[in-house]
Amino acid sequence: MTLTPSRTAPARSPLGLRGLRAAVAWTHRASAQARAAALLVEHRQAQTEIVPNPHLTQDWANAIVRSPLLLDSVRAAIGPNVAVENTFLVMKWPGTEFTVPWHQDGIGSRVELDPRRSLAAWIAISDAPAAAGCLDVIAGSHLRGYLPHAPEADTGQERGRADAVSEEPEGLPVSIPVKAGKALLMDTRLLHRSCPNTTDRVRIALNVRYVAPDGIVRRDPTCPSLLPVSGSGWSSSPTE
C-alpha cells in the first residue's frame, strides 16, 4: 500500500539548498577504525546486517550519538536542544546483495519528522568508498517535500523491508564517499540510496535521526522513548 505524507513541510531546510553537509567529523580516523574492528569480530560469524537502536543498549553507540564534534554541527542546524529519535547499525558484507532503495529518512510507516526541526546523520565507522556502497544522494531533492512511499518488495532477508519512495526520483544521483571518523548530515527529506558492497571489506555505518523539541509530526507509540543528548528543553521522560 502506498502511503501519502500527512503534510508537506515548507521548503526551508536547516542544511540549505543542497540539503546535506559532508565530511563532518565525529572522531579521529584511528578511533573509528578500532570500533569497526571490534564490531567485525562481534558480528562476523552471524553476518549481522542490521542492529536497531544500538544507542539504547551499547555504550559505544551511545558515545557516538553524543560526540561533541558531531553535536556541534547538529546544534548549528536545529538548535541547542537535541534528542536521538532512532539509530540503526548497518553492516554491508562483501559479496551480498544488500541494496537500500531510494527513500527519505524522515518519513515511513512508523514516523514522520518535521524537517525544520530534525536531521539525519550517516556516520562512517569504517571507510565507505563508492565501491563499498556509500550513499548516493540527489542534492536539492528535499525541496519537493516528503513523497508517497511504501515498503520495498519482499527480498526474504532478515533485515526487513525499507520504506521506499513510490515514484522514480528526479535529478542526478551523486555518490558521497565518507572516510571512517566522518559523517554526512542530511535533511530528512533528502532522497538517498545505497548499492551493494563490491569490495573485500565490510562497510559499517551508524544511521541516526536527531530531533529538536516539536520535531515529531507522527510516531508509533511502541517506539522507544527519545534520548536527549543536548540542552535542557526536554521533559524528564520524553516520548515524542
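**Second largest pocket and helix H1**

Tutor: The largest share of the lining of the second largest pocket, 4 residues, comes from H1. This is a predicted model, in which local features need pLDDT of at least 70 and side-chain atom pairs count only at pLDDT 80 or more, while totals for chains, interfaces and linings use all residues. Residues are numbered from 1 along each chain as its sequence is written, and side-chain values use heavy atoms, with hydrogens and water left out.

Student: How much space lies in that second largest pocket, and which residues are closest to its centre?

Tutor: The second largest pocket holds about 270 Å³ of space. Of the 14 residues that line this pocket, the closest to its centre are Ala36, Ser126, Asp127, Arg201 and Val202. A pocket here is an open set of points on a 1 Å grid over the protein atoms alone, where a 1.4 Å probe fits, with protein on both sides within 12 Å along at least five of seven lines, and lining residues have an atom within 4 Å of a point.

Student: Which elements give two or more residues to the lining?

Tutor: Those elements are H1 and S13. By type, the lining of the second largest pocket divides into 7 nonpolar, 3 polar and 4 charged residues.

Student: OK, what about H1 itself, where is it and how many residues has it?

Tutor: Helix H1 covers residues 29-43, which is 15 residues, and reaches 21 Å from its first C-alpha to its last, close to the 21 Å expected at 1.5 Å a residue. Helices (H or I, at least four residues) and strands (E, at least two) are DSSP runs, numbered from the N terminus.

Student: Which residues of H1 are buried?

Tutor: The buried residues of H1 are Ala32, Ala36, Leu39 and His43. They cover an arc of only 65° around the axis, which puts them on the same side of H1. The face turned away from that buried side carries the exposed residues Ala30 and Val41. Buried means under 20% relative accessible area, exposed over 50%, and partly exposed in between (1.4 Å probe, protein chains only).

Student: And what covers the buried residues of H1?

Tutor: The cover includes strand S2 (50-52), helix H2 (59-65), strand S3 (82-92), strand S6 (118-124) and strand S13 (203-211). Contact means heavy atoms within 4.5 Å.

Student: Switching to H3, which of its residues are buried and which are exposed?

Tutor: In helix H3 (residues 68-78), the buried residues are Leu70, Leu71, Ser73, Val74, Ala77 and Ile78. Seen down the axis of H3, these fall within an arc of 160°, so they line one face of the helix. On the other side of H3, Pro68 and Ala76 are exposed. Just after H3, Gly79 takes a positive phi of about 105°.

Student: Which residues other than glycine have a positive phi?

Tutor: Among them are Ala23, with a phi of about 60°, and Gln47, with a phi near 50°. Ala23 lies in strand S1 (residues 20-25) and counts as exposed at 56% relative accessibility. Gln47 lies in the loop between H1 and S2 and counts as partly exposed at 35% relative accessibility.

Student: Last one: what does the whole chain look like in numbers?

Tutor: The protein chain has 3 helices and 15 strands, and buried residues make up 50% of its 240 residues. Among contacts between residues at least 6 apart in sequence, 86% join residues at least 24 apart.

Notes. Expected span 1.5 Å × (residues − 1). Arc of directions from axis to C-beta. Points joined across faces, edges and corners; volume = space filled by probe spheres on them. Nonpolar A, V, L, I, M, F, W, Y, C, P; charged D, E, K, R; others polar.
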